[in-house]
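Please open the structure in a viewer and keep the selection tool at hand.

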Amino acid sequence: MTGTATATAPAVTHIVWDWNGTLLHDTDAVITATNASFAELGFPPITLATYRELYVVPVPRFYERIMGRLPTEEEWLLMDAVFHRHYGAAAGDAGLAEGARELLRGWQRAGRTQSLLSLAPHENLVPLVRAHGIDGHFLRVDGRTGPSHTTKAGHLVRHLAALDGTGVTAAGTVLIGDAVDDALAAAHVGARAVLYTGGSHSRSSLESAGVPVVDSLAEAVRTARELSA
């Protein structure tokens with residue numbers, strides 16, 4: 001599905017990219033790590049389809065859907081640590097999403113700007129982005145530095161504030177991500193969003209956000225270009 005801006009909406013000149021499940025095609029690693037951690041925690045394994053139906057941010061609510069109750073703070077810290085241990089082992093072979101490198105290059109060549117915002121730990125994110133050789137495309141790369149049981153809205157506020165002086169405005173920004181939380185974060189700051197089905201959510205759950213939903217990053221960028229007055 002494609003979207004069009006209202007008559008008063010400014011042209012999109014900046015993309016804020018999500019990382020996991022969007023630029024980084026790590027879906028297999030996520031499912032492998034989820035089921036390995038579930039085995040340690042005493043939960044049955046789940047399929048990718050089930051994961052996409054149940055996954056939600058903040059992540060403790062995902063475990064609530066598995067357990068039937070919210071985990072305690074102690075349980076959550078254990079669950080988070082176990083997942084990231086398994087994810088770190090499984091994610092080494094994850095590559096960029098199809099066409100991602102060319103899309104980043106093309107957006108930059110067109111004279112537009114982009115940045116990267118993720119809830120992945122900042123100290124893990126930065127070297128990984130650099131290892132993929134795409135760090136030079138971004139004005140800024142921000143991972144999470146605070147608690148892991150958080151949403152992206154406040155993170156996006158700080159990210160855009162740090163871009164003050166670069167010409168980036170919330171009204172001229174589109175966030176491309178794979179989660180309903182990305183759309184909520186964009187709405188929170190007055191930006192727009194395009195959601196990609198290749199990551200953590202099912203198409204039906206993404207469509208509940210009321211923003212354009214696409215099946216490829218190429219379509220996401222094409223939709224971003226269309227979000228102009």
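Which residues of strand E1 (residues 14-17) point one way, and which the other way? Select the strand: His14 and Val16 point one way, Ile15 and Trp17 the other way, and all are buried. Strands (E, at least two residues) and helices (H or I, at least four) are DSSP runs, numbered from the N terminus; buried means under 20% relative accessible area, exposed over 50%, and partly exposed in between, with a 1.4 Å probe and protein chains only. In a regular strand the side chains alternate between the two faces of the sheet.

This is a predicted model, in which local features need pLDDT of at least 70 and side-chain atom pairs count only at pLDDT 80 or more, while totals for chains, interfaces and linings use all residues. Residues are numbered from 1 along each chain as its sequence is written, and side-chain values use heavy atoms, with hydrogens and water left out.

Strand E4 (residues 113-121) runs parallel to E1 and is joined to it by 4 bridges; two strands pair if DSSP finds at least two bridges between them. Select Val16 together with its bridge partner in E4, Ser115. Strand E6 (residues 173-177) is likewise parallel to E1, with 4 bridges between them. Here Trp17 stands opposite Ile176.

Now turn to the aromatic rings. The structure holds 9 aromatic pairs; rings of Phe, Tyr and Trp (its six-membered ring) pair if their centres lie within 6.5 Å, and planes under 30 degrees apart count as stacked, over 60 as edge-to-face and the rest as tilted. Select Phe38 and Phe62: the pair is stacked, because the ring centres are 6.3 Å apart and the planes are at 20°. Phe38 belongs to helix H1 (residues 27-41) and Phe62 to helix H3 (residues 60-67), so the pair links distant parts of the chain, 24 residues apart. Phe38 is buried at 0% relative accessibility, and Phe62 is buried at 3%.

Tyr63, at 3% relative accessibility, counts as buried.

Finally, select Trp107 and Arg112. Arg112 lies over the face of Trp107, 4.8 Å from the ring centre; a charge sits over a ring if NZ of Lys or CZ of Arg is within 6 Å of the ring centre and within 35 degrees of the ring normal.
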